[in-house]
Amino acid sequence: MTVFHTYASADEFRNYLAGTSYSSGWTSDAATLLNLLESASRRMDAFVNDNSWGVVTETRLYDLGSGNLVQDPRSKTVDSGGIITTRSRIASVPLDRWLISATTVTSYEDTARTSSETLTEGIANDYLLRPYNSSPKFEITLTEETTKSFGAGQQVLSIAGKWGWNEDTSPDTTTLNGAISSTSATSVVLTSATNFSVGNTILIGTEQMYIRVISSNTLTVTRGVNGTTAATHSDSATVSRYVYPSLVRETCLDVARVLWRDHDLGNVESLSVGDQSVSVRSSVEIKDAIKALDVYRVHQASAGVIF
């Protein structure tokens, strides 16, 4: 799935490069700036194992190792070279993406997928998402109350839900100035586009749209992005835009700055002023900028295969 979350907008990048007073008159290069910001965003996603800081709706599948996994708090003895030890069977599966919320969790009996169970979230039901007290979620575990299990085989665990770091939106919302009566229309008219910019992902109802061009209060968008479905929308429907953590936004701007310099000057190894030379190796600068995101790499991807 193509991800349409760009972690800084074209307006923010203009301000970052040139200062607010100047960038207000800088209306050209929108397509070029957007390409650079998108490239920076996808590099950032790759750094955190192809996760996204914006919400993506999709179904993800997992392979589980041999033997059905059930939540059984009882221990069993294992003879290991004459040494008796105890081992508990714990039915917990680490996830390969950040999970905001699960919509449908399905457990298949085996690879043939001829028999399945739908699991319900809750301490008195079938499964819990962990960590309990923070988001996003990194792990799914069966409860002690459930009579259901995780099957063994390929693609035996299916989780449909909202994936990503969060689904935060800006409090600066607006409304539609006219209904959207077609699911294929790419022109959206707002009451006010003051707080919106090229590169924003917006939310109307349950549909996400991606802004490519703004002319006055009219947006040209890509419809139904990030796993959502294009729909019709009534006049005066609320329009909000997604926002991302400050560190993520600043990293996107830092990486895009290096890409912009290379676009503007070419890929150079150093810049000279008088008799002074400063190294500007792009690959090194980008790596240094993206390393700021190390704090988000607390969960290592399982690649969707659990043994």
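What share of the contacts in the protein chain with a separation of 6 or more comes from residues 24 or more positions apart? The figure is 69%. Keep in mind during the tour that this is a predicted model.

**Whole chain.** Display the cartoon of the protein chain, which has five helices and 17 strands. Of the 307 residues, 43% count as buried.

**The main core.** Select W53, V248, L293 and Y296. Within the largest nonpolar core, which has 32 residues, these four touch the most other members. Next colour helix 3 (30-47), strand 4 (92-108), helix 4 (246-265) and helix 5 (282-290), the elements that each give two or more residues to this core. Helix 4 gives the most, with eight residues.

**Around Y296.** Centre the view on Y296 and show its surroundings. Setting aside neighbours within four places in sequence, Y296 is in contact with V48, W53, W98, W165, P245, L247 and V248.

Move to the open sheet whose strands run in the order 9-14-11-12-13-10, with antiparallel pairing. Strand 9 (174-175) and strand 10 (187-189) are its edges, each pairing on one side only. Inside the sheet, select residues 201-204 and 207-215: these are strand 11 and strand 12, paired in the antiparallel sense over four bridges. To finish, show I202, which stands opposite M209 in strand 12.

Methods. Residues numbered from 1 in each chain as written. Predicted model: local features only at pLDDT ≥ 70, side-chain atom pairs only at ≥ 80, totals over all residues. Heavy atoms only, no water. Pairing = 2+ DSSP bridges. Buried < 20%, exposed > 50% of the residue type's maximum accessible area, 1.4 Å probe, protein only. Contact = heavy atoms within 4.5 Å. Core = buried A, V, L, I, M, F, W, Y, C linked by side-chain atoms within 4.5 Å.
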